[in-house]
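Welcome! Here is a friendly tour of one structure, meant for someone meeting it for the first time. Take a look at the sequence and the model, and then read on.

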Amino acid sequence: MSYIAKPSAHHPALPRNALGLTRRDYEGSMSTLCAGCGHDSITAAIIEACYEMDLPAHRIAKISGIGCSSKAPTYFLSRSHGFNSVHGRMPSVTTGANMANRDLVYIGVSGDGDTASIGLGQFCHAVRRKLNMTYIVMNNGCYGLTKGQFSATNDKNSPSKKGEANPFDAIDLCQMAIQLGAGFVARSFSGDKRQLLPLIQAAISYKGFAFIDVISPCVTFNNHPASTKSYEYVRQHNMASENKLDYVEPKEEITTEYDEGTSTSVELHDGSHLMLYKVGEGHDPRDADMAIHTIRTNASKGTIVTGLLYVNEEQQDLHDVLGTDERPLNGLPMSELCPGSKALEGINARLR
Ligand SMILES: Cc1ncc(C[n+]2csc(CCOP(=O)(O)OP(=O)(O)O)c2C)c(N)n1
Ligand code: SF4
């Protein structure tokens, strides 16, 4: 309940990570979302990921738009920088923050309404600019906050709770992200923490644009048996339910315990690895065409492919592309930021 504050005291014997912090230190306020909302499970996975990666909370910036999903950052990482922006504008706010301070870890949280409708243009440009961020869409196929209207990711054959038909084809954000040049594209399910956790960890380690579309059922407006974004449907049609993913930090020894030909190891920019066990039959996540083909052929059979769909191990991020200074802009001294009136006169003279 929203009026119940979380107790600040916690058991002294709680396990601690390398920074001496407990999981509680990575939490936020008490959730005000409906009990059973998939978004809360994603919040739990983000908390676990940051705790396990020993991330200092003050080096993280969490940014969102508007929606139940965009409220979620309030419920994790209360010690981090946070900005709850305007509907669909999370990508541009994140771009500005990232340009000013490239040293922070950026976690963007959005909804399918926030990203696939009002924020679609912003999403496209963040992808093509290869912004170094983790972009998580909490995808429930509806506008939860405004009482369950269809969103643009709702499947055509998936009716509303009252049986109203959806006349439009869905936008598949993963396909779109791959086509626009995202370097890391994954799909998961809020009810599959075992899969979601290593994907979030790998996305945070990835340098460049990392996108995770998480099917996250809205228990209040879109969790009826006919909905393709319901717990029941996703559990029955999730192609990766037998798969296993492991995130291996750079400092840990990389061990292999899989059969040749059924798994692969993806190296991320910081030297960490994402170990993939049986990701579909013969699916190579380095092949963008194969990733799109896999998503499309399975979608036509009503199957949702989850796991790491595509990764570009060589991707440059926006700062590499623009050749910006290695140091964050907000750390440069005034003498470098302001070259002086002589330099300005030179620039003005060139424009005359
Ligand atoms: C400019 C603007 N237009 C419309 C709205 C109304 N509005 C608030 S949230 C929302 C959609 C939320 O859906 P989604 O992003 O999928 O998040 P969910 O609530 O389902 O998690 C809309 C249309 C708004 N807040 N601002
Ligand atoms: S309305 Fe739906 S999306 Fe919003 S909190 Fe409730 S269950 Fe979650």
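## Helices side by side

From helix α6, the residues Cys174, Gln175, Ile178 and Gln179 meet Ala288, Ala291, Ile292, Ile295 and Arg296 of helix α9. Sorted by class, this contact of α6 with α9 has six nonpolar, two polar and one charged residues. Please keep in mind that the model is predicted.

| Helix pair | Angle between axes | Distance between axes |
|---|---|---|
| α6 (residues 173-180) and α9 (residues 288-300) | about 165 degrees | 10 Å |
| α1 (residues 38-52) and α7 (residues 193-205) | about 55 degrees | 9 Å |
| α3 (residues 90-100) and α5 | about 35 degrees | 8 Å |

With an angle of about 165 degrees, α6 and α9 are roughly antiparallel to each other, because angles over 145 degrees count as such. Their crossing is left-handed.

Next come α1 and α7, which pack at about 55 degrees. That angle makes α1 oblique to α7, and α1 passes α7 in a right-handed crossing. On the α1 side, the contact involves Ile42, Ala44, Ala45, Ile46, Glu48, Ala49, Cys50 and Glu52. They meet Lys193, Leu196, Leu197, Ile200, Gln201 and Ile204 in α7. By class, there are ten nonpolar, one polar and three charged residues in the contact of α1 with α7.

In the pair of α3 and α5, with axes 8 Å apart, Met90, Pro91 and Ser92 of α3 make the contact with Gln122, Phe123 and Ala126 of α5. Four nonpolar, two polar and no charged residues take part in this contact of α3 with α5.

## A pair of rings

How many aromatic pairs does the structure hold? There are eight.

## Around ligand 2

Which residues are around ligand 2? They are Leu33, Cys34, Cys37, His39, Cys68, Asn140, Gly144, Cys218, Val219, Thr220 and Phe221. By class, the shell around ligand 2 has seven nonpolar, four polar and no charged residues.

How values were computed: Residues are numbered from 1 along each chain as its sequence is written. Chains are lettered from A and ligands numbered from 1 in the order in which they are written. This is a predicted model: local features need pLDDT of at least 70, side-chain atom pairs count only at pLDDT 80 or more; totals for chains, interfaces and linings use all residues. Side-chain values use heavy atoms; hydrogens and water are left out. A residue is near a molecule or strand if one of its heavy atoms lies within 4 Å of it. Ala, Val, Leu, Ile, Met, Phe, Trp, Tyr, Cys and Pro count as nonpolar, Asp, Glu, Lys and Arg as charged, and the others, Gly among them, as polar. Axes are lines fitted to C-alpha atoms, for helices over the stretch in contact, and angles run from 0 to 180 degrees between N-to-C directions. Helices (H or I, at least four residues) and strands (E, at least two) are DSSP runs, numbered from the N terminus. Angles under 35 degrees count as roughly parallel, over 145 as roughly antiparallel, 65 to 115 as roughly perpendicular and the rest as oblique. A crossing is left-handed if the near helix is turned anticlockwise from the far one by less than a right angle, and right-handed if clockwise. Contact means heavy atoms within 4.5 Å. Rings of Phe, Tyr and Trp (its six-membered ring) pair if their centres lie within 6.5 Å; planes under 30 degrees apart count as stacked, over 60 as edge-to-face and the rest as tilted.
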